[in-house]
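Please find below some remarks on this model, set down for a colleague who will want the criteria beside the values.

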There are 2 protein chains.
Amino acid sequence: MNRVRIVVVDDHALFRRGLISLLEEMPEFHVVGEAANGQEALTVIERARPDIILLDINMPVLDGLQTLAAIRKKDSAQKVLMLTISQNDDDLIGAIVAGANGYVLKNAEPEMLKNTILQVYSGNSVLSPEVTARVLQAVRRSQNDRNRGLLSEREIEVLKCLARGQTTAQIASVLFISENTVKTHIRHILEKMEVNNRAEAVAKAAQMDLL
Amino acid sequence: MNRVRIVVVDDHALFRRGLISLLEEMPEFHVVGEAANGQEALTVIERARPDIILLDINMPVLDGLQTLAAIRKKDSAQKVLMLTISQNDDDLIGAIVAGANGYVLKNAEPEMLKNTILQVYSGNSVLSPEVTARVLQAVRRSQNDRNRGLLSEREIEVLKCLARGQTTAQIASVLFISENTVKTHIRHILEKMEVNNRAEAVAKAAQMDLL
DNA sequence: TGTAAGGGTGATGAAGAAATCACCCGCTTT
DNA sequence: AAAGCGGGTGATTTCTTCATCACCCTTACA
């Protein structure tokens, strides 16, 4: 197998040199370029045509996220692995949205880093376990956001009553509205949740945890 | 260090037994219970009080996602690692939303599985590299969804013109509206995007990829 | 067979968002 | 000082969504 061609981008010269020697010790890899900031990186990448770019986030001139965006604009298939100390949510989510193929912390073990690079090279994505929880949290939040706004507040009230097994008439008296209104709310709930009857709506609502 | 107490839930008896002997061979782990479906699992968990539950998704009676939801309802801190062959998006995202602490494929290497369990035990989350890309994709989609709906269609039109460097007057003539209207649209754009001027708005829009 | 319950359709007033425009201010350039 | 441009404030019209209600249909069952 051919060696994986790598470009290392990091403003910390010491770290960059250390990382490069580490990679060069591994027979799988070959470092074909390095840069101390995003601006330089774009030039180096243009010339070196690497398989993978290891990209720091905190950098002067052009930071990692802007650099990533610029890279993506030119080549949507270029593999980019963020390698940073930042566990900041904005950096993390920002990198993902900008199209990073992975996000690993600088304190990763060499063996771990090697596996990560090979995974990314083979087309997969990798996250450090330390940041994976935050990503999952982001997924949960966004799914909840998707649910929020789907139903109006009143409709959720009605849905809660439904979940308690109340009939149309009971709900009407509890909420001080007419039975007709309750039925209309339920109709809208069924439409919005894309279900066919009350029971199914309650089941789905329980699953979406909006009771 | 104490051994990590594990419960294995999988309807495939052969796989379950194999997994259990594998785990028992490792000094770090101790399997304190097993179950062939979600229903059984809930009982077993109640009794065995494991540190971690390895949970399959495709199961009869009560599937893995429903089981996970039930577990979370009782104990929001219980660590649950999904261990499945399913690369289905609904299963994956569903598991995350339901609160899984990890999602790994059954074809994982023993050494890999061991590391994963230890990571989850120590409070982190883990995804198989094979599914990580899909999760990142989901994050990107949901962030885009968050952007959609932020600006009205008309406002996005104005924003596109701004990005082309057009002045208020030029935009007005292109869109067949008065300059005042253009200014108002721009004002709303600035407010909604939480930026202070046109240039910043364009930069942020480019970053959010809504041009 | 009539009555209760789930489900479907149409309609209306109130509230809020969207799109439009007029007018004002401050800075820069000429 | 006049003109051009970016930016701020108020006001109007239109459209959509929400919450409300009336009326009709089908099924089950007493």
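The points that follow take up the conventions, a sheet, the domains and a cavity.

1. This is a predicted model, in which local features need pLDDT of at least 70 and side-chain atom pairs count only at pLDDT 80 or more, while totals for chains, interfaces and linings use all residues. Residues are numbered from 1 along each chain as its sequence is written, chains are lettered from A and ligands numbered from 1 in the order in which they are written, and side-chain values rest on heavy atoms, with hydrogens and water left out.

2. Strand β1 (residues 4-9) of chain B runs parallel to β2(B) and is joined to it by six bridges; Val4(B), for instance, has Phe29(B) in β2(B) as its bridge partner.

3. Chain A is divided into domain 1 (4-141) and domain 2 (151-207), with bounds from an automatic or database domain assignment, and the centres of these two domains of chain A, taken over C-alpha atoms, are 49 Å apart.

4. The lining of the largest cavity includes Asp10(A), Phe15(A) and Asp56(A), where a cavity is a set of points on a 1 Å grid over the protein atoms alone at which a 1.4 Å probe fits but cannot get out, and lining residues have an atom within 4 Å of a point.

Note on methods
Two strands pair if DSSP finds at least two bridges between them. Helices (H or I, at least four residues) and strands (E, at least two) are DSSP runs, numbered from the N terminus. On a 1 Å grid over the protein atoms alone, a cavity is a set of points where a 1.4 Å probe fits but cannot get out, and a pocket is an open set with protein on both sides within 12 Å along at least five of seven lines; lining residues have an atom within 4 Å of a point.
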